[in-house]
Amino acid sequence: MYEIRSHLIEPALRRSPSDPEKLAAFIEAWETAKAAYSQVLKDGLNRPDAELARDDAYRQLLQAGLRIHRIGGSEAVGVVSAYLERCHKVDDTRHFQRLWNGLLPCTSH
């Protein structure tokens, strides 16, 4: 999906974390996303949207994605999603297109 490379996060870092508070918020959102994603995986990714919407872990994951996007933009969301997939050894990388729909960088068809 998205490779973790320093050039992907550089634009996000130039836009925001010169402010220590923003950097701390970015790191906190990343850690929240990691923990929430782990729980969403445990509970199952293939649940209907209505069930996901009622899931606290998914809401935390979505809120973390929104914070990451607000601080670092879609490129940062792409880097974090790639990291989470690698960290959790997920085979199907397409599910982040559903979980963080609209937050990821646009991909050409």
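What share of the 109 residues of the chain count as buried?

**Figure 1. Overview of the predicted model.** The structure shown is a predicted model. Of its 109 residues, 39% count as buried. The chain contains five helices and zero strands, and the order of its elements from the N terminus is α-α-α-α-α. When contacts between residues at least 6 apart in sequence are considered, 76% of them join residues at least 24 apart.

Figure 2. Leu41 belongs to helix H2, which comprises residues 20-43. With residues up to four places away in sequence left aside, Leu41 touches His88 and Val90. Leu41 and His88 are separated by 47 residues in sequence, while their C-alpha atoms lie 8.7 Å apart in space. Leu41 has a relative accessible area of 25% and is therefore partly exposed, because the buried class requires a value under 20% and the exposed class a value over 50%.

**Figure 3. Close-up of the salt-bridge network around Arg47.** The structure holds four salt bridges. A network of such bridges links Arg47, Glu51 and Asp55. The side chain of Arg47 meets that of Glu51 at a distance of 3.9 Å, N to O. This pair counts as a salt bridge because its distance falls within the cut-off of 4 Å. Arg47 also forms a salt bridge with Asp55, where the N to O distance is 2.7 Å.

Figure 4. Arg47 has a relative accessibility of 11% and so counts as buried. Asp55, at 10% relative accessibility, likewise counts as buried. Glu51, by contrast, is partly exposed, since its relative accessible area is 36%.

Figure 5. Asp56 and Arg59 both belong to helix H4, which comprises residues 56-87. The two residues stand three positions apart, about one turn of the helix. Their side chains meet in a salt bridge with an N to O distance of 2.2 Å. Arg59 has a relative accessible area of 38% and is therefore partly exposed.

Methods: Residues are numbered from 1 along each chain as its sequence is written. This is a predicted model: local features need pLDDT of at least 70, side-chain atom pairs count only at pLDDT 80 or more; totals for chains, interfaces and linings use all residues. Side-chain values use heavy atoms; hydrogens and water are left out. Helices (H or I, at least four residues) and strands (E, at least two) are DSSP runs, numbered from the N terminus. Buried means under 20% relative accessible area, exposed over 50%, partly exposed in between (1.4 Å probe, protein chains only). Contact means heavy atoms within 4.5 Å.
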